[in-house]
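Hi everyone, thanks for coming along. I'd like to walk you through one model today, so let's bring it up on the screen.

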Amino acid sequence: MSPGPAPPAPAPSRRELNKAATRQAITEAALALLRSRGPGSFTVEDIADSAGISRRTFFNYFGSTDAALASVTHGFLDNAIVQFRLRPANEPILQSAQAALMALADPMTVAPLAELFTLTQQSSLMSHSELEAWDHCREQITAVARERAAGTPGAVDELYLHAFAGSVISCGKAAMEVWFARRGADLSPASLAELRQLLIDAMALLGSGFTAGLPSPSSSDSRSS
């Protein structure tokens with residue numbers, strides 16, 4: 001007899017909802033201060049005052065102003081990982097990664113990530129926290145890929161798992177950099193839609209072995225002749 005559908009996940013408790021709301025309020029306050037003052041121009045106390053909480057409460061959630069801002073990146077990447085885990089176990093892993101990005105269909109989903117990227121490009125103050133967020137996502141991708149590989153015959157190739165996860169992250173970063181070079185601080189729906197497409201296109205390049213973006217030999221020959 002086939003197993004029935006999995007039981008629905010229990011609804012979050014009031015305490016969990018309150019914690020999530022507080023965390024979101026801190027993140028939004030930090031982003032608003034970054035927007036109005038720029039990197040390095042506000043303190044933990046400023047964020048706490050803006051969010052309507054105490055300094056002690058702030059440190060219950062984040063260790064620094066940079067960590068509060070980096071939670072924007074963590075949120076987007078964690079959402080992508082959730083979508084990645086939801087893909088069928090027998091689906092090719094690269095196809096699953098592409099589908100996970102496409103599942104973030106609304107360009108506004110990437111809006112906070114895009115805004116944070118534009119606001120911090122001229123500052124090295126947040127580089128460490130941002131790198132930690134991307135590295136955390138790389139570790140999660142490796143873990144999901146390892147779970148998939150464990151369900152298939154043969155030994156798990158750790159080199160493949162780590163190279164795959166690192167390549168996915170590198171493609172994501174490349175898409176962000178190309179988008180910023182083209183659009184700058186433009187956060188219009190059309191610009192955000194372009195960012196989403198660049199993320200998808202970067203994954204497609206990975207899937208093609210990076211041959212799709214190269215000129216054909218015939219076109220190269222014609223230019224040189």
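Predicted model: local features only at pLDDT ≥ 70, side-chain atom pairs only at ≥ 80, totals over all residues.

Let's begin at residues 1-6, where pLDDT stays under 50. For that stretch the model has zero contacts beyond four places in sequence. Across the protein, pLDDT averages 83, and 84% of the residues score at least 70.

Now to the inside. Which residues touch the most other members of the largest nonpolar core? They are Phe76, Phe84, Ile141, Phe164, Leu195 and Met203, out of 37 residues in that core. At least two core residues come from each of α4 (65-86), α5 (93-102), α6 (111-120), α7 (127-150), α8 (158-183) and α9 (189-207). The helix that gives the most is α8, with nine residues.

Let me zoom in on Phe84. If we set aside its neighbours within four places in sequence, Phe84 is in contact with Ile93, Ser96, Ala97, Ala100, Ile141, Val144, Arg148 and Phe164. Apart from this core lies another one, of 18 residues, including Ala30, Leu33, Ala51 and Leu69. As a general point, nonpolar side chains in soluble globular proteins tend to be buried together.

Next, a helix pair. How do α5 and α9 pack? Their axes are 9 Å apart, at an angle of about 175 degrees. An angle over 145 degrees counts as roughly antiparallel, and α5 and α9 are therefore roughly antiparallel to each other. On the α5 side, the contact is made by Leu94, Ala97, Gln98, Leu101 and Met102. From α9 come Arg196, Leu199, Ile200, Met203, Ala204, Leu206 and Gly207. Sorted by type, the residues of this α5 and α9 contact are nine nonpolar, two polar and one charged.

Then there is α6, which is mostly covered, with eight of its 10 residues buried. The buried ones are Ala111, Leu113, Ala114, Glu115, Leu116, Phe117, Thr118 and Thr120.

One last stop, for those of you who like backbone torsions. Most residues other than glycine have a negative phi. Phe210 is not a glycine, yet its phi is positive, about 60 degrees. Where does Phe210 lie? Look in the loop between α9 and α10 (217-224). Is Phe210 buried or partly exposed? Its relative accessible area is 45%, so Phe210 is partly exposed.

That's my tour, and I'm happy to go back to any of these views.

Methods
Residues numbered from 1 in each chain as written. Heavy atoms only, no water. Core = buried A, V, L, I, M, F, W, Y, C linked by side-chain atoms within 4.5 Å. Buried < 20%, exposed > 50% of the residue type's maximum accessible area, 1.4 Å probe, protein only. Helix = DSSP H or I, 4+ residues; strand = E, 2+ residues; numbered from the N terminus. Contact = heavy atoms within 4.5 Å. Axes fitted to C-alpha atoms, helices over the stretch in contact; angles between N-to-C directions. Parallel < 35°, antiparallel > 145°, perpendicular 65-115°, else oblique. Nonpolar A, V, L, I, M, F, W, Y, C, P; charged D, E, K, R; others polar. pLDDT = per-residue confidence, 0-100.
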